[in-house]
Amino acid sequence: MKKRTMDHTQLLVLTLLEGEDMYGYQIITELARRSEHVFDMKEGTLYPVLHGLWKEGIVECYEKETPTGRMRKYYHITKRGRETLRNETREWREYSQAVEAVLSYAPAVG
């Protein structure tokens with residue numbers, strides 16, 4: 001099987017951005033909410049991921065003023081990012097199905 005090129009953190013972030021543009025803290029809280037807190041990402045993990053995706057042209061960022069007058073940076077998935085997400089999602093599903101197939105033969109642990 002072909003090695004996956006994107007780690008799960010990048011895949012999860014892109015999946016969230018596919019639905020809507022988000023700012024950093026919003027990504028962190030939404031990921032935690034949707035995963036029932038299995039993924040409690042820290043800022044120190046998220047921002048390097050976003051920066052890497054930006055360098056690859058997979059996301060773009062822009063600033064928008066909040067109602068309080070503060071500027072907030074939002075992240076937006078690009079056309080290239082959508083293509084990447086589609087391909088990586090397919091590969092992740094193939095990979096996870098293969099893992100599940102192997103685990104199904106494991107004796108019950110407990």
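**Notebook: a salt-bridge network, a core and a loop aspartate**

I began with Glu30, which, leaving aside its neighbours within four places in sequence, is in contact with Leu16 and Met22; contact means heavy atoms within 4.5 Å. This is a predicted model, in which local features need pLDDT of at least 70 and side-chain atom pairs count only at pLDDT 80 or more, while totals for chains, interfaces and linings use all residues. Residues are numbered from 1 along each chain as its sequence is written, and side-chain values use heavy atoms, with hydrogens and water left out.

**Entry 1: Glu30**

I placed Glu30 in helix H2, residues 24-34. Helices (H or I, at least four residues) and strands (E, at least two) are DSSP runs numbered from the N terminus. Is Glu30 buried or exposed? Glu30 counts as buried because its relative accessibility is 16%; buried means under 20% relative accessible area, exposed over 50%, and partly exposed in between, with a 1.4 Å probe and protein chains only.

I then looked up salt bridges, each a side-chain nitrogen of Lys or Arg within 4 Å of a carboxyl oxygen of Asp or Glu. The whole structure has three. Glu30 forms one with Arg33, the closest N and O atoms being 2.4 Å apart, and one with Arg34 at 2.7 Å, N to O. Arg33 and Glu30 are three residues apart in helix H2, so about one helical turn separates them. Arg34 and Glu30 are four residues apart in helix H2, again separated by about one helical turn. I noted Arg33 as exposed at 54% relative accessibility and Arg34 as partly exposed at 48%. Glu30, Arg33 and Arg34 are linked in a network of salt bridges.

**Entry 2: Arg82 and Glu18**

Arg82 forms a salt bridge with Glu18, with the closest N and O atoms 3.4 Å apart. Arg82 lies in helix H4 and Glu18 in helix H1, so the pair ties together parts that are 64 residues apart in sequence. Arg82 is partly exposed, with a relative accessible area of 34%, and Glu18 is partly exposed as well, with 38%.

**Entry 3: the core**

I looked for a nonpolar core, a set of buried Ala, Val, Leu, Ile, Met, Phe, Trp, Tyr and Cys residues joined through side-chain atoms within 4.5 Å. The largest one has 19 residues, and Val13, Leu17 and Ile27 have the most contacts inside it. H1, H2, helix H3 (43-55) and strand S3 (71-77) each give two or more residues to this core. H1 provides the largest share, five residues. For Val13, leaving aside neighbours within four places in sequence, I listed contacts including Ile27, Met41 and Leu46.

Where does Asp21 sit? Asp21 is in the loop between helix H1 (8-19) and strand S1 (22-23), and Asp21 is partly exposed at a relative accessible area of 23%. I checked polar contacts, pairs of N or O atoms within 3.5 Å; within protein, one must be able to donate a hydrogen and the other to accept it, and residues adjacent in sequence count only if both atoms are side-chain atoms. The side chain of Asp21 makes one of 2.7 Å with the side chain of Tyr62 and one of 2.7 Å with that of His76. Asp21 and Ile77 are 56 residues apart in sequence, but their C-alpha atoms are 7.5 Å apart in space.

Tyr62 lies in strand S2, residues 59-65, and counts as partly exposed at 34% relative accessibility.
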